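Subject: Structure handover

Hello,

Here is the structure I promised you. Please open it next to this email and follow along.

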Amino acid sequence: MASAFLAAPALVSAFVGTDGTKFTNDGASFYFSGTNAYYLMTQTRDNVNSILSESAALDLPVIRTWLFNSGNTDVFFQTCENGAMTINDSNETGLGRIDYIIQQAAVNNVKLIFALTNNWQDFGGMDYYNQCFGSSYHDDFYTKPEIIESFKDYISHVLERENTLTGVKYKDDPTIFGWELANEPRCVGSGSFPASDSCSPSVTTAWVDEISSHIKSIDSNHLVGIGDEGFMNRAGESEYEYNGGTGMDFEATIALSSIDFGTFHMYPEHWSKDNTDWPIKWINDHAAVQESAGKPVIIEEYGLAETGLRTTLYPAWHNAIESTNLAADAFWQISVPCNPNLDDFAICPSDDNIDVLVATHAANMKAKN
């Protein structure tokens, strides 16, 4: 019955929009610093509540998380059966777990960015589809008709799903900030499927266009991004982040009419870059594309594994984000309950340097509104 459904608080009652290079929320500018918590889908309800409430307490109004999980047995949203992907709607082990995350995000005035698959083999991702459909190459995910249709079917199912706790379809729920096609799409993945010789930025751009247009055909309420690392495809460049070597083209994809915002990531240590000058250039270059494209851009993942460098370098990166008027950012990643070993980049709300790493910058971004 309708009386059993929980109403969302006013602060998350409006859909996020865009106004040129800015995000908007309920008609006002919406600059923000957010975070990632990919693991929300596997957490107990108590942990979900803690992640959301502690993020909100740090003025982190947006969390990016996964809405994919294939081939597992404890929590899974899809599995391969007889050469086809099936969907698990169970409240205990399947998509019903997302219902609670969305409901509690609304209670805590937090919006959610959902990534719909993974370039990497963690939680199944693209190569789980490739395995299910008998592919030869990682990039068959972008071109094989039966895989494309299966992925579209999953997306349609998610968008049309009615939340069992609120009675609101996902496509109609303003608690959701927006959809991302995939986490870090590239021509090459991390599993046993190699990249084909034919994979290129034109192949992935065509896929981005097709999948984002499919989302828009069903859901006119939410923003759509890619979830990519922001790799460019510029002639004459030697660095793979800039020369199209990953098979992605940030400037071509952000120009698509079905893409509302750009995304990029930054891990200078893992990409064998210096930690001082190169990150500032990377931020500045994407801020410049934000201006030329006339669309907002989020640096939605960044981190340093060397914890001793964070108190010096994070403020420098934050200053670049703030001074270039980049639309938003989200660090990788908050750890609740506190587990410094969650991954190399985990930040706990109880960390002694939380103000330097998170809170001061979050307040500065909020103050722009």
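Two strands count as paired if DSSP finds at least two bridges between them. Keep that in mind for the sheet below. One caution before we start: this is a predicted model.

The sheet

Three strands make up an open sheet. Their order is E1-E2-E3, and the pairing is antiparallel. Which strands stand at the edges? They are E1 (16-19) and E3 (28-29). Each has a single partner strand, so one side of each has no neighbour in the sheet. Now look at E1 and E2 (residues 22-25). Four bridges join these two strands, which run antiparallel. Find Gly17 and look across: it stands opposite Thr24 in E2.

The disulfides

A disulfide is a covalent bond between the sulfur atoms of two cysteines. How many disulfides does the structure hold? It holds three. Number the bonded cysteines in sequence order and the pairing reads 1-2, 3-4, 5-6. Let us take them in turn.

Start with Cys80 and Cys132. Their sulfurs are 2.1 Å apart, and a disulfide joins them. This pair links distant parts of the chain, 52 residues apart. Cys80 is in strand E6 (residues 78-81), while Cys132 is in helix H3 (residues 125-132). The link is right-handed, with 80 degrees about the S-S bond. Is each end buried or partly exposed? Cys80 counts as partly exposed because its relative accessibility is 27%. Cys132 counts as buried, at 11%. The cut-off for buried is under 20%.

Next come Cys187 and Cys199. A disulfide joins them too, S to S 2.0 Å. Both cysteines lie in the loop between strand E9 (176-180) and H6, so the bond ties together parts that are twelve residues apart in sequence.

Last, go to Cys338 and Cys348. The S to S distance of this disulfide is 2.2 Å. Where do its two ends lie? Both are in the loop between strand E13 (328-331) and helix H10 (354-367), so the pair ties together parts that are ten residues apart in sequence. The link is right-handed, with 85 degrees about the S-S bond. Cys338 counts as partly exposed because its relative accessibility is 43%. Cys348 is buried, because its relative accessible area is 1%.

Thr205

One more residue to look at. Thr205 is found in helix H6 (residues 201-218). Is Thr205 buried or exposed? It counts as buried, because its relative accessibility is 14%. What does its side chain meet? A polar atom of the Thr205 side chain lies 2.7 Å from the backbone oxygen of Pro201. Now leave aside the neighbours within four places in sequence. Thr205 is then in contact with Asp249, Ala252, Thr253 and Leu256.

- Which residue stands opposite Gly17? Thr24 in E2.
- Which helix holds Thr205? H6.

Best wishes

How values were computed:
Residues are numbered from 1 along each chain as its sequence is written. This is a predicted model: local features need pLDDT of at least 70, side-chain atom pairs count only at pLDDT 80 or more; totals for chains, interfaces and linings use all residues. Side-chain values use heavy atoms; hydrogens and water are left out. Buried means under 20% relative accessible area, exposed over 50%, partly exposed in between (1.4 Å probe, protein chains only). A polar contact is a pair of N or O atoms within 3.5 Å; within protein, one must be able to donate a hydrogen and the other to accept it, and residues adjacent in sequence count only if both atoms are side-chain atoms. Contact means heavy atoms within 4.5 Å. A disulfide is a pair of cysteine sulfur atoms within 2.5 Å.
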